[in-house]
Amino acid sequence: MNAWEIHHRRTAALRDVVATLDAGGDLPWSDALAADFGDRDGLLLALHDLFARRLGGRIDLALELHDIPGASVAEAWQAVVDELPGIHRLLTEYADAPALARASANLRRTVAVAAGLVALDTPLAVAAEAGRAFLARSARFVVPARRDGWLRERLSSRFVKATA
């Protein structure tokens, strides 16, 4: 089996696992999942990676749309939690799993850096703690409402200034 086929098998398997989790089920396990992910830790890491990649994309978009980094990151986090509730529930349940320790710390560091709380060269433990604390209080952030066309207005006004 080539790399492309492996990728598609793993993606299809993850899609099925996410559907099971979103329906309220527990982390499934089968011989087919073992063939694709090796062990439960491999599956947990793949689910964490899916959540982290989705969050990274959402953070990037939110930071482009808002001038408030903390609110942008909080909005992105909540959007991903809403999109992937089963994975979020599972990652919360397995938060202390040794297999997820490094990946979870890196995700929390990403949150802290994007929110402007720490620099990229901040030690992982310090940055991860800042990200954890941020997420614990992020429900209090209110993102200002966007009106239709505001991004177009900002871009066109910048373009007009640049060409004037």
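Start with the whole chain: among contacts (heavy atoms within 4.5 Å) between residues at least 6 apart in sequence, 58% join residues at least 24 apart. This is a predicted model, where local features need pLDDT of at least 70, side-chain atom pairs count only at pLDDT 80 or more, and totals for chains, interfaces and linings use all residues. Residues are numbered from 1 along each chain as its sequence is written, and side-chain values use heavy atoms, with hydrogens and water left out.

**Stop 1: the whole fold.** Switch to cartoon view. You will find eight helices and zero strands. Both are DSSP runs numbered from the N terminus: helices are H or I with at least four residues, strands are E with at least two. Of the 164 residues, 35% are buried. Buried means under 20% relative accessible area, exposed over 50%, partly exposed in between, with a 1.4 Å probe and protein chains only.

**Stop 2: helix α3.** Select residues 40–65. The end C-alpha atoms of α3 are 38 Å apart, which agrees with the 38 Å that its 26 residues should span at 1.5 Å a residue. The expected span is 1.5 Å times one less than the number of residues. Now show the side chain of Asp 39, at the start of α3. One of its oxygens comes to within 3.2 Å of the backbone nitrogen of Asp 41. Next, colour the buried residues of α3, including Leu 43, Leu 47, Phe 51, Leu 55 and Ile 59.

**Stop 3: helix α4.** Select residues 69–83. These 15 residues reach 21 Å from first C-alpha to last, close to the 21 Å expected. Among the buried residues here are Ala 76, Trp 77 and Val 80. What covers the buried residues of α4? The cover includes α3, α5 (85–93), α6 (101–114) and α7 (124–137).

**Stop 4: the core.** Select Leu 43, Leu 47, Phe 51, Leu 55, Trp 77 and Ile 87. They have the most contacts inside the largest nonpolar core, which has 34 residues. Such a core is a set of buried Ala, Val, Leu, Ile, Met, Phe, Trp, Tyr and Cys residues joined through side-chain atoms within 4.5 Å. α3 gives the most to this core, with nine residues. Zoom in on Leu 55. Beyond its neighbours within four places in sequence, Leu 55 touches Ala 76, Trp 77, Val 80, Leu 107 and Val 111.

**Stop 5: the largest pocket.** Finish with Trp 77, Leu 91, Thr 92, Ala 95 and Arg 108. Of the 14 lining residues, these lie nearest the centre of the largest pocket. α3, α5, α6 and α7 each supply at least two residues of the lining. A pocket is an open set of points on a 1 Å grid over the protein atoms alone, where a 1.4 Å probe fits, with protein on both sides within 12 Å along at least five of seven lines; lining residues have an atom within 4 Å of a point.

Terms used. Polar contact = N/O pair within 3.5 Å; in protein donor to acceptor, adjacent residues only side chain to side chain.
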